[in-house]
Structure formats: structure tokens, C-alpha cells
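Q: Could you take a close look at one part of this structure and walk me through how that part is held in place? Please give the cut-offs as you go.

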Amino acid sequence: MSFGGLFDGGTCGGGGAHLVADMAYGSSARAISHPSILSPSLRRSSMFSSPGLSLALQTNLTAQGDQNSDPVAGGGGGTDVSDSARRSKEDENDSKSGSDNLEGESGDDLEQENPRKKKRYHRHTPKQIQELEALFKECPHPDEKQRMELSKRLCLEARQVKFWFQNRRTQMKTQIERHENTILRQENDKLRADNLSIREAMTNPMCCNCGGPAVLGEISLEEQHLRVENARLKGELDRVCALVGKFLGKPISTLSNPPPLPPLSFVPNPSLELANGFASVLPPLSTVMTPTRAVAGGGAAFTGGEKSQERCEFLELALAAAEELVKMAQMEEPLWVPCSDTGRESLNYDAYDQCFAPCLGPRPSGFVSEASRETGVVVINSSALIETLMDPARWADMFASVIARTATAEVISVGVGATKNGALQLMHAELQLLSPLVPVREVRFLRFCKQLTDGAWTIVDVSVDATKGNPLKCRRLPSGCVVQDTLNGYSKVTWVEHAEYDEATVHPLYRPLLRSGLALGARRWVATLQRQCQSLAILMSSSLPTDDDKTAIAPAGRRSMLKLAQRMTDNFCAGVCASSAREWSKLGGGVNIGEDVRVMTRQSVSDPGEPPGVVLSAATAVWLPVSPQRLFDFLRDEQQRSQWDILSNGGPMQEMAHIAKGQNAGNAVSLLRASAARSNQSSMLILQETCTDASASLVVYAPVDIPAMHLVMNGGDSAYVALLPSGFAILPDGGSGGLKPPGGSLLTVAFQILVNSQPTAKLTVESVETVNNLISCTVQKIKAALNY
């Protein structure tokens, strides 16, 4: 056992250390205090301040030193030691182990010099030490129960286990302290070297402006450090003020007076003309000047901390994305190349890479790109449209066939003043194509709103990194719209959609459609927005049209029917795709269903708008060699419905009510009545909604209860009318990539059926096979009716 600096100088050497080690185990108290061995100063201080001396040895020496003043114990030569000191040394010997005696003498030497304690000393076996070390790594402070279990397993006394852990903790603490002391010593040396270099620099100061010798007054070292810190803080303030100035659109002067930042440069596009002959006299897009003030709700973005840094990064990304979006909305060739065959535009990626720095880094491996642009006029002013797009719930209602689910994760800024200028929020969304063969796109993105000038706005979406544990399947590059007010109170919308996604998860039949941008591209967003704005204008109108009515319905009844039809269509869209908007459980293998048929099930318990029980949803998609318009007209025609619908009872249906939802005759809500199969049978009512635009068409229907529909038509609440929708989604084939002849349609067929009225009932194989046969039979009848 080595005690390091126990003895002063080198007079005793190793022999002195050996002597003290021997005395710690067997020598008398009189021998320890003998003046010929230890000096007075050593007896008073050196021994007990030595870092190498164990706590047990200090206790023993203290107890022995106290007895040196006892005349009775003076001549005993170590045989008159008190019982308390003897017990202390016995506990010390019991606490010794093979792993603790690393720096002292061997067990045989100790046994020869102290034969009385020979039987009490125990050297742990390697296996015992291994077990003790394993438990020490897991629990350095075992409780009494753990020590008892360990002592039984290792055939040791509980006191030996206890002392082993005490000594092991002491050894670990000593090692840590040595390591910390080494680090502190190195840091101290570094600080000392820095101090010397600073002092040397201060002796010969140089002027930063002229390079000549500088004359310093009585400036302390602390003041020098404060000046350096002040310069660093000024640089940080300049950077933050520049970011705020770019955010507000007006440079902010700082202590260092930086030059004003150039505003967002936008290229005017005189070739963009409004559709339908509307004239537009708008000023060129430029950054609007807003008052200099703190951004409401976003002030925390400019404070310290990790969250502040993340928000600053989000803001910089949103500003860069907004500038890119506005440029892409107005630039023409060579960025956008028109296609004479399709009348659409395609993005020149070489020109894109030259014009814009990548916001999100390189494209992930295996991803493909889709980019599209579309311009149209919508029946809504820019302020109302901006409010709708910045509200997640209203945004999802506006694009119910495209958005399966959306939520706001964090509102970083609510905007400046009472407007949405500068509003920034972090959002999650699930984008869907109404087909079971195309997976839902989950995206996490920033949505940023900026006012360009009076009556002109831009809203941009840009993806941020996926959350931990969720692999990235899709990301949106700067996408969104530029909105400008027109003179007649409408808005001109230029939409840009730019995305990268993993194409391997998409069925080959739909890959050409997605790449063309017709599935989830700009045309789909603009066409859906135009149709929904017309529908909302009719829904909110004080006087609804009545010239196309088959049955007189009060305005309140019309609005109730439109709300019911909207809920029916939303439920249909949620049942086609496996999104998280509804708790659907997809059926796995082992069920006799078609290869391209997706079957899902869920339990309806407390939803007042659905019948209680086990609901089964089945959907499939097929290609048909007919145009989308012809297929849509065939499916919505009540006179030809008997050719494919089993609910028609084999005869034509009668239209009882008709409510137009736009200028296109295909956008309407109808109430149909099926012919009774027998005279004693009451006829069935079917609620149907048809929607069509330049990108897609929908035919959705559901059987409804006759008393419930009478209540709705009289203006009653439609939220409690239970229905399960079925229907069709029609999309252009996008050329099919050579798999099929061009000019066809992609038809999605979906049914929702109540297979059991008990929510806790088990799904049977017969129910699944029945739904599968229903889908197959319906598809075959449609093909036969279209002569295919």
C-alpha cells in the first residue's frame, strides 16, 4: 500500500511507506507515536492529509493516538489495544478483498505479520470479483436485499459484500478525481499561457486602423474582455436585425448601421392573362413596406436558447422559399417549357438549378420529382382566401378530396398587426389521391404568408426534416400560390406545386399520372379551389336558385341537404385511402380478395352520423378505355343507373330533387328514388352528389332513411342522419406511360357496408367475400355497359 506524499522529502523512501503499512495492521500505538520514527509535524498533519491514506486507516490511527496518552497502554507493545480499536481493525480486515489490495502487500505477508487475523482475511476469487463488478456497473449502491442475495450466491458474508462496495465506490471516486484534476491542470496551463500572451500583447499594443503603436491608458484586463464580448454581441445584433428587416420588408438600423438589405426581387410576367376574359390592371409584385415593430407571437424567435435558434432557421427557410415561389410563379422560358401536345408546362430542371439555390439539399436517393404550374380565377377575394388557407380546418374542408388530415404543430408567428402578413406555422398533413393503389403522402412543412403589395399575397409551403423514427417518403419543395385581387372582387391565383417522393411505393398504373402533375399537381389544387368557391358561394347565398327544382324545398332545407351531401363525400374520401383520419384496420393476407382490392374495417359506436356496428370498406381501381367525361356522364345518369347499380331494382331511378352547386351541370346534389320491386314494397331514397372539374370527377351516393330525409328537407339538423357512402372517383390516366393506350380513365370503385349491427361482432369471411363479389360485379357491369 503506497501513501504517496506521506513522508516529507526522500529520507524514509520506500522503507518508510512499508513501515507505516505494517504498523497499520499489527504495530502498537506506542510504536506509532515514537519520536524516532515520526516527526512532530508528520504526526500532526502529514499523515491525515495524505490523499493515499484510507479512511479505515485514519480511524485506526486516531483511535491508537488517543490511547498513547494512557499510561496503562504504554508498555503493552500492541497487546493492550482497546476493544473499540480492535473491532475497527477487524472490520477493516473483513472489508479487504483481492481487488482492493491493489497497492499494498500480498495476503501471505499480512498473514505472517498478523497471525491472529489470518483466518478472518478473505481473498475473493476471480468469479466473485466478476459478479461483484457486474452488479456494481448496474447498481453502485445496492440495498440490503440485493446484498443478501449476492452474499448467498457468492458464499460471502453480507458485511464483506457491503465493505467491498464501499471500497469500490471510494476507488471509483478517487479515479474520477484524478481525471478531473488532470483536466483542470491542463486548463490551468492553457489559461496561464493565454494570460502570458495577452500580457505580452498589451506591452506592445498596435493600432488596428494605422498599424502603428497604440497608447493605452490604464485599462484593466477585465475591460479588455468586455470590449471583445461587446464586439461579438454587436455582430450578433446586426445579424438578427438584418433577419428581422427581411422579415418585415424594411431594413432596421442598428448600432453598426448596416446597409439596407435589397427587397425580394420579383420578375413581372406580362403574359399571364386572366381566364374568362377578366381584365387585370395590377402593379408589379414588390415587397410591401410595413411598420417596424415586434412580430406578434414570434418575438420569442429572437431570444436565446436552442428553440430560438430553430425558429430563426425556420424563418430563414421560409423567406428563401417565398422568394423562390414568387419567381417560379412569374418566370417563363427557359424555366417553364410549354408542351404543345398537352397544353401544360414542364419544369426545366437545368434552368431551375441555375436560378435557385437548393433549399432542402440534394434529392434523396430513389426519389423522383414532379413540378407543375396553373393559373385561374376564383370567386373569392384575396383576404378571404388567405384566411381560409392559413386556417388548417378550413383548408382541409376546402380541399377535402386532396387532404386526408392536417394539424398545426406550432404557431411560430401569428403575423403583423391584425393581418396574416408574416404568419408562420409548422404543420403536418396527409395528402391523398382517391385510389387504393397510391399511398398517402405524409408531409411536415412550414407554411408562411407574406403580403407582396396591396391586394397581392403569397403563401408558401416548404418541407422540414421528418420526425425521428419516421422515414422520409415525400417532401415539398417551395410550393403554394400567389394571390392577386382583380377589379371585380375575384382573385387571380397562380399555383406552383413542386414535390419529390418515393415512386417505388406507387402502383405502376398511377406513376405516369403522378409525374405529369395531374394527380396532386397545381391543376388539381386550382380546379378544386374554383369548384369549392362556387359551391360555397351558393351555400352562403341568401337566395338559392329554384328553376331546376323537381320538388319545392325551402332555403333552409337546401342548406341542410348540401351539408349532408358534403359530409357524405368527406366520409367517402376517408374510406378510400388508408389515412389516419379514420381508425380503419386493413385486412391482411388469408382473405379471398382480389390483388388490387383493399379491404378495411372499423367499429362504429358513438358516431351519430353512421349506423352502429361493424363497417366494411372495400375499394379497387381499374383502367377503362373511355374518356373521363364520358365515364362521368354515364355513372351520374339516373336513367342508365340500372345497368350497374343493384339498388335500382332493375329499373330507372327518378330524380326527386336537384340542387346545383356551380355553373357546370355536373356539380349538383340530387335525391333519387328507386322503383319498388313489388307493389307492397316502399321505394328507397338515395342521396347523390356529383363533382367534376378539370382534374377529377366524383360520383358519391348513399341510401338514406325516408323520414330522416323529410326532416332534412324541412330544414332539420342533418348531423344525425346515418349514412354509409359508396361511389366512384374518376381520374385521367396521364398517358399510362405506354402501359395502356392514351386517352383512358382510371376508375376507383369503393363501397362502405354495414356487415353487422353489433359493434363487438367479429368480421366473417363471408362478409368479405360478399363485398369483394359486389365490387367485381359492379366493375364488370360498367365495362359491359360501355362495350368494353
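A: Happy to. Buried means under 20% relative accessible area, exposed means over 50%, and partly exposed is what lies in between (1.4 Å probe, protein chains only). Helices (H or I, at least four residues) and strands (E, at least two) are DSSP runs, numbered from the N terminus.

The part I would pick is strand S7, residues 456-463, where eight of the eight residues are buried. Before going further, two notes on the basis. This is a predicted model, in which local features need pLDDT of at least 70 and side-chain atom pairs count only at pLDDT 80 or more, while totals for chains, interfaces and linings use all residues. Residues are numbered from 1 along each chain as its sequence is written, and side-chain values use heavy atoms, with hydrogens and water left out.

Back to S7: cover is found on both faces of the strand. One side carries Ala456, Thr458, Val460 and Val462, the other Trp457, Ile459, Asp461 and Ser463, and all of these are buried.

Now for the neighbours. Two strands pair if DSSP finds at least two bridges between them. S7 runs antiparallel to strand S6 (residues 441-453), and eight bridges join the two. In this pairing, Phe445 stands opposite Ser463 of S7. S6 and S7 make a hairpin with two residues between them, and Gly455 in the turn has a positive phi of about 80°. S7 is also joined to strand S9 (residues 479-485), by six bridges and again in antiparallel fashion. There, Trp457 has Val483 of S9 opposite.

A salt bridge is a side-chain nitrogen of Lys or Arg within 4 Å of a carboxyl oxygen of Asp or Glu. The structure holds 19 of these salt bridges.

A charge sits over a ring if NZ of Lys or CZ of Arg is within 6 Å of the ring centre and within 35 degrees of the ring normal. Arg447 has its charged end over the ring of Trp395, 4.0 Å from the centre. Arg476 places its charged end over the ring of Phe445, at 5.7 Å from the centre.

Those rings lead on to the aromatic side. Rings of Phe, Tyr and Trp (its six-membered ring) pair if their centres lie within 6.5 Å; planes under 30 degrees apart count as stacked, over 60 as edge-to-face and the rest as tilted. Trp395 and Phe445 belong to one aromatic cluster together with Phe399, Trp495 and Trp525. In the structure there are eleven aromatic pairs. One of them is the stacked pair of Trp395 and Trp525, with 6.3 Å from centre to centre and 5° between the planes. Trp395 comes from helix H14 (residues 392-398) and Trp525 from helix H16 (residues 522-539), so this pair links parts of the chain that are 130 residues apart. Both Trp395 and Trp525 are buried.For comparison, Trp644 and Phe728 form an edge-to-face pair, 5.0 Å centre to centre with 85° between the planes. Trp644 lies in the loop between helix H18 (628-636) and S14, and Phe728 in strand S18 (residues 726-732), so this pair ties together parts that are 84 residues apart in sequence. Trp644 and Phe728 are both buried.

The protein chain comes to 20 helices and 19 strands. Of its 788 residues, 46% are buried. Contact means heavy atoms within 4.5 Å. Among the contacts in the protein chain with a separation of 6 or more, 65% are between residues 24 or more positions apart.
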